[in-house]
Amino acid sequence: MKFKFAFVATIAAIAAFSFTGCSNSPKPVTGLPEATNPPQEFCFFDNTPNSDVEYTVARKVKILKGTYGSLNQVLPKVEPFVRGTNGNAIMNFKLAQRFSIWPWRFVSPVATGKAILITDSKGMSCEEMGGHLEEYYANR
């Protein structure tokens, strides 16, 4: 009897932890400086922006689908998430397939990076700052 209870409790705990993941709802970051000359479009940076671009790091970003899928399914979620944190770009951006022990999450798409607020773009476009637009990643 005790064995059955322990087994059921263990299975319930594993199920509860496996269904709770990273929340995909952004929390706005307060205390960021005012953007005097923000960029016109949302920009993705593989590394950091050029040295003439003034920015502030808002927070780390990790967006995952949670189940099997392609990278193109998680890419459209990045911009709304970062804008929800009061950011206007993302740096150190990586798209990857991550492995898990759970069968329904065996390979799932994940987008990671740091949400940033570009306060002064000095009138440069995204490409001039060293970044890419979303279409660059969608067509890879």
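Among contacts in the protein between residues at least 6 apart in sequence, 78% join residues at least 24 apart; contact means heavy atoms within 4.5 Å. This is a predicted model, where local features need pLDDT of at least 70, side-chain atom pairs count only at pLDDT 80 or more, and totals for chains, interfaces and linings use all residues. Residues are numbered from 1 along each chain as its sequence is written, and side-chain values use heavy atoms, with hydrogens and water left out.

**Overall build**

- The protein has 3 helices and 4 strands. These are DSSP runs, numbered from the N terminus: helices are H or I with at least four residues, strands are E with at least two.
- Read from the N terminus, the order is α-β-β-α-β-β-α.
- Of the 140 residues, 34% count as buried. Buried means under 20% relative accessible area, exposed means over 50%, and partly exposed lies in between (1.4 Å probe, protein chains only).

**The disulfide**

- The structure holds 1 disulfide, a term for a pair of cysteine sulfur atoms within 2.5 Å.
- Cys43 is joined to Cys126, with an S to S distance of 1.9 Å.
- The pair links distant parts of the chain, 83 residues apart. Cys43 sits in strand 1, and Cys126 in the loop between strand 4 (107–120) and helix 3.
- The torsion about the S-S bond of Cys43 and Cys126 is about 80 degrees, so the disulfide is right-handed.
- Cys43 and Cys126 are both buried.
- In general, a disulfide is a covalent bond between the sulfur atoms of two cysteines.

**Nonpolar cores**

- The largest nonpolar core has 16 residues. Such a core is a set of buried Ala, Val, Leu, Ile, Met, Phe, Trp, Tyr and Cys residues joined through side-chain atoms within 4.5 Å.
- Phe44, Val61, Ile63, Val78, Val82, Ile90 and Phe93 have the most contacts inside this core.
- Strand 2, helix 2 (78–84), strand 3 and strand 4 each give two or more residues to this core.
- Phe93 touches residues beyond four places away in sequence, including Phe44, Val78, Ala111 and Tyr137.
- A second, separate core of 10 residues includes Cys43, Ile116, Met124 and Cys126.
- In soluble globular proteins, nonpolar side chains tend to be buried together.

**Two buried residues**

- Val53 lies in the loop between strand 1 (43–44) and strand 2 (54–64). Val53 counts as buried because its relative accessibility is 5%.
- Leaving aside neighbours within four places in sequence, Val53 contacts Ile118, Asp120, Met124 and Met129.
- Val53 and Asp120 are 67 residues apart along the chain, yet their C-alpha atoms are separated by 6.2 Å.
- Ser108 belongs to strand 4. Its relative accessible area is 8%, so Ser108 is buried.
- Not counting residues up to four places away in sequence, Ser108 touches Gly66, Thr67, Ala96, Gln97 and Arg98.

**The largest pocket**

- The largest pocket has a volume of about 150 Å³.
- Its lining is made of Asp46, Leu71, Asn72, Phe93, Lys94, Leu95, Tyr137, Ala138 and Arg140.
- Strand 3 (89–99) and helix 3 (134–138) are the elements that give two or more residues to this lining. Strand 3 gives the largest share, 3 residues.
- On a 1 Å grid over the protein atoms alone, a pocket is an open set of points where a 1.4 Å probe fits, with protein on both sides within 12 Å along at least five of seven lines; lining residues have an atom within 4 Å of a point.

Key. Grid points are joined across faces, edges and corners, and a volume is the space filled by probe spheres set on the points.
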